[in-house]
Every structure is written in C-alpha cells, then in structure tokens.
Amino acid sequence: ELQLLQEQINPHFLYNSLSVIKGLCQTDPGKAELAVDHFSGFLRGNLDSLTAGSPIPFSQELSHTRHYLELEQMRFGSRLNVIYDTPVTDFLIPPLTLQPIVENAVRHGIVKREEGGTLTISTAGTSEACTVTVTDDGIGFDPLKPMQDGKKHIGIQNVRKRLQAQCSASLTIRSVRGCGTTAMITLPRKAGEK
C-alpha cells in the first residue's frame, strides 16, 4: 500500500504546489486559501485510497482528480484548459486510476507544448459497460517506442493491472506524435448494476 502511494504522489507536484501556494500567500491570500483546500483534498484522496481495499464510486475518484487539476491550473494558468463531460457517474472504479492518467496527460502531453492545451475527461455508459475517456491535445508519443528520458514509467502499468484485477476492466491508449493522446478505461457492468 505504501508503495502504491509513493508511486502515485509525484514529489515534484508536491513541491510545485507548495511553491504556488507560497506565491499566492503574498499576491492573493484568498486564492492561496483555496489552493490549500485543494492541496489537502488531494492528499486526503491519496491517503483514503490506502484504506480502500475495493473499487470506489467514480464520483469520489473524479473529486480527487479535480483537486489535482485545480492546483495544476493555478500553476499553469491559461496553458491548461480542462473540460468535464461526465454525465455517467453511477459506477465503481479502483482508487488512484483516473488521476495518474490525467497527470500523465498534463505532464507528458499538454505542458510540453509552449502554448499548452486542453484536457477532456468524459464518461459514457451502456447496459454492458461504462467508459472513462481522457483526451489531450498535447505533443503525443509513439506508444510502440519506450520513453527515452531515463525514468521508469510504471504508473500506467500499475493502473492497467489494478483495473483488470479489481474490475475486469481495460485501459487502451492511442497517441499520435504531435496530435495528442486518448486513454480509455472500459469497465464492464456486473449483473444487477444500473
């Protein structure tokens, strides 16, 4: 459980968030207070995930992700636009699955472009399955080539394993260099679910 937490909390995000809060304390105390609320909500979501031995309501995972994105929007300003299109929320998802996908989209896609870009989180559902789609118009990548940045990239592998083990769900990622990335989680509905 501690390893999971360590893998999902990026130290650079923590340092950057605290730097944003420190700067806001001097320039906009009201916004600094809001940033502290989002920061504590983000940390609480990570810690709560340690005790969640089973999937949680999607709305809870989305709330955790919103805290993360609010902080990143304070940091990057107009370079990070976020669109939520989530009419379907009546399903369960393993904790710490949406936020790492969103974090990858922001860190490795959108903010790598000088002008930034847009991240969209959307949901849909049928009687057979629910889907969560995260789309960015960032720099994209070649999914067949390993990253050449000297870092281990195991976060998405861990998300994929937990989705499969806890929900028989799948994660597919499509990306085109220069054109952005789409990650889609497909969660089969169990008998008796809406």
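Visitor: Why is Cys179 called exposed?
Guide: Its relative accessibility in this predicted model is 57%. Exposed means over 50%, so Cys179 counts as exposed.

Visitor: Is Cys167 buried or exposed, and what makes it so?
Guide: Cys167 has 9% relative accessibility. The cut-off for buried is under 20%, so Cys167 is buried.

Visitor: How many disulfides does the structure hold?
Guide: The count is 0. A disulfide would need a pair of cysteine sulfur atoms within 2.5 Å.

Visitor: What makes Arg75 and Glu72 a salt bridge?
Guide: The closest N and O atoms are 3.8 Å apart. The limit is within 4 Å, so the pair qualifies as a salt bridge.

Visitor: Where do Arg75 and Glu72 sit relative to each other in helix H4?
Guide: Helix H4 covers residues 58-76. Arg75 and Glu72 are 3 residues apart there, which means a separation of about one helical turn.

Visitor: Why is Glu72 called buried?
Guide: Glu72 has a relative accessible area of 2%. Buried means under 20%, so the label holds for Glu72.

Visitor: And what makes Arg75 partly exposed?
Guide: Arg75 stands at 35% relative accessibility.

Visitor: What makes Asp137 a salt-bridge partner of Arg113?
Guide: Here the closest N and O atoms are 3.5 Å apart. The cut-off is within 4 Å, so this pair counts too. Asp137 and Arg113 link distant parts of the chain, 24 residues apart. Asp137 lies in the loop between strand S5 (129-136) and helix H6 (155-167). Arg113 lies in the loop between helix H5 (98-110) and strand S4 (117-125).

Visitor: Why is Asp137 called partly exposed?
Guide: Its relative accessibility is 31%. Buried needs under 20% and exposed over 50%, so Asp137 falls in between.

Visitor: Which residues are linked in a network of salt bridges?
Guide: Arg113, Glu115 and Asp137 are linked in this way. By the same rule, the count comes to 5 salt bridges.

Visitor: What makes Gln157 partly exposed?
Guide: Gln157 lies in helix H6. The relative accessible area of Gln157 is 43%. That sits between 20% and 50%, so Gln157 is partly exposed.

Conventions. Residues are numbered from 1 along each chain as its sequence is written. This is a predicted model: local features need pLDDT of at least 70, side-chain atom pairs count only at pLDDT 80 or more; totals for chains, interfaces and linings use all residues. Side-chain values use heavy atoms; hydrogens and water are left out. A salt bridge is a side-chain nitrogen of Lys or Arg within 4 Å of a carboxyl oxygen of Asp or Glu. Helices (H or I, at least four residues) and strands (E, at least two) are DSSP runs, numbered from the N terminus. Buried means under 20% relative accessible area, exposed over 50%, partly exposed in between (1.4 Å probe, protein chains only).
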